[in-house]
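Reader: I would like to go through this structure with you, one question at a time. Please give the criteria behind each term as we reach it.

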Amino acid sequence: MKIVIVCYPTFGGSGVLATELGHKLAENGHEIHFIAYQKPVRLHADDNKVFFHKVNVPFYPLFNFQPYELALSSKLVDVCLKFKVELIHVHYAIPHAYAAYMAKKMLKSSGMNIPLVTTLHGTDITLVGKHPFYKPAVKFSIEQSDIVTSVSESLKQDTVDFFGVEREIKVVSNFVDLDKFKNQLLRCNVDNKNYRVITHVSNFRPVKNIRGVIEFFEKISKKIKCKFKLIGEGPELELAKQLIDDKNIDNVQFLGNTQEVEKELCHSDLFILPSKTESFGLAALEAMASKVVVISSNSGGLPEVNIHNKTGFLCEHNDINKMVEYAEKILNDENKLNEMKEKAFLRAQKFDINKIIYDYEDIYKSII
Ligand code: GMT
């Protein structure tokens, strides 16, 4: 099949997911055309089945806001016509689903009928999308897509609750390329260390509860000998650094963005994700695929990924004391810690790309 994938090119979960999906589809013989405003960070176009098309938005001083949706719709039309694309798959509703709907209409007038798949990822529904300024357009584009998928049951329910949409929404879970994580685990040199490693990965947005992350570090470091690794960049990164300085917390490393998160995660014992909302928690799944125990909030789709008392622990997002209590207990019990790490890894297999890819391929086949 010839497929266009539209996504955000940054380190956010939806872009990462879309890129990994495109690579796997190309591996399975499909021709994949990525469209974004920059080359997606995880895209390695070393495959002659993968193409990248950049959306350029020319600056014009009359516009207070440059019309990205318009440029994206036009790029979609160009690419679809030029490469005889058979399907458009957009990741993150805003503004991708809306722009793709317009492209679909324009292509129709050129005699080309292109099906549109929209995958909802999280904040496009739970935060930004439901804002009254966007809501009618988001609702419309969800209703007009040929197939809508959601990355968790929880997000599907939120979409129904917030938008009152009655159409079918298929749940296709997020996934990981388990082989990549397994290979890294084999290569990972875990020295006999006399401390624990605790990791947090995010885009440092307010929903990630960065204050909660730092409070957790501060409290657990008074009880257990440990090192903290913070991976990622975003609006609250400076706040995190400031809090670490103000509270004089030692053994903290800020590693910035990385394309190979598995190289850090394989050294880790515990992953902390106290998000206020989280439709799925791809970062938590990547930790589990690296045999890391997860302590997370119980918001959104996290309970569909992290199983309480098996693969980690779930708490209210603001109950940091409880998270510290769980962490102290598990990090002091070597046997139980190893047992939970194995269970986390076992659970991650449920989300192996080699299984989930078929769900997407079946969806594509059903509408092309
Ligand atoms: O807000 C983010 O963390 C980024 C955002 C995105 O779309 O780039 O992530 C959302 O999509 C991910 C991939 O499906 C999910 O794993 C995240 O849980 C979700 N984030 C939120 O719901 C806050």
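Reader: Which residues of H3 are buried?

Author: This is a predicted model, in which local features need pLDDT of at least 70 and side-chain atom pairs count only at pLDDT 80 or more, whereas totals for chains, interfaces and linings use all residues. Residues are numbered from 1 along each chain as its sequence is written, and side-chain values use heavy atoms, with hydrogens and water left out. Helices (H or I, at least four residues) and strands (E, at least two) are DSSP runs numbered from the N terminus, and buried means under 20% relative accessible area, exposed over 50%, and partly exposed in between, with a 1.4 Å probe and protein chains only. By that criterion the buried residues of H3 are His 96, Ala 97, Ala 99, Ala 100, Tyr 101, Ala 103, Lys 104 and Leu 107.

Reader: What covers the buried residues of H3?

Author: Contact here means heavy atoms within 4.5 Å. On that basis, the elements that cover the buried residues of H3 include S1, H2, S4, S5 and helix H5 (135-144).

Reader: How far apart are the end C-alpha atoms of H3?

Author: The expected span of a helix is 1.5 Å times one less than its number of residues. Helix H3 (residues 96-109) has 14 residues and should therefore span 20 Å, and this agrees with the distance between its end C-alpha atoms, which is 20 Å.

Reader: In what order do the strands of the seven-stranded sheet run, and which are its edge strands?

Author: Two strands pair if DSSP finds at least two bridges between them. With parallel pairing, the seven strands form an open sheet in the order S3-S2-S1-S4-S5-S6-S7. Those that pair on one side only, and are thus its edge strands, are S3 and strand S7 (170-171).

Reader: At what angle does H1 run to S2?

Author: Helix H1 (residues 13-27) packs on this sheet, where it touches strand S1 (2-6), S2, S3 and strand S4 (87-91). Axes are lines fitted to C-alpha atoms, for helices over the stretch in contact, and angles run from 0 to 180 degrees between N-to-C directions. The direction of H1 makes an angle with that of S2 of about 160 degrees.

Reader: Which residue of S7 is the bridge partner of Thr 149?

Author: Strand S6 (residues 147-150) pairs with S7 in the parallel sense, over two bridges. The bridge partner of Thr 149 in S7 is Lys 170.

Reader: How many aromatic pairs are there?

Author: Rings of Phe, Tyr and Trp (its six-membered ring) pair if their centres lie within 6.5 Å, and planes under 30 degrees apart count as stacked, over 60 as edge-to-face and the rest as tilted. By this rule the number of aromatic pairs is 11.

Reader: Why does the pair of Tyr 37 and Tyr 68 tie together parts that are apart in sequence, and how many residues apart are they?

Author: The pair is edge-to-face, with 6.0 Å from centre to centre and 80 degrees between the planes. Tyr 37 lies in the loop between strand S2 (31-36) and strand S3 (50-54), whereas Tyr 68 is in helix H2 (residues 68-83), so the parts that the pair ties together are separated in sequence by 31 residues.

Reader: Which ring does the charged end of Lys 130 sit over?

Author: A charge sits over a ring if NZ of Lys or CZ of Arg is within 6 Å of the ring centre and within 35 degrees of the ring normal. The charged end of Lys 130 is 4.2 Å from the centre of the ring it sits over, that of Phe 162.
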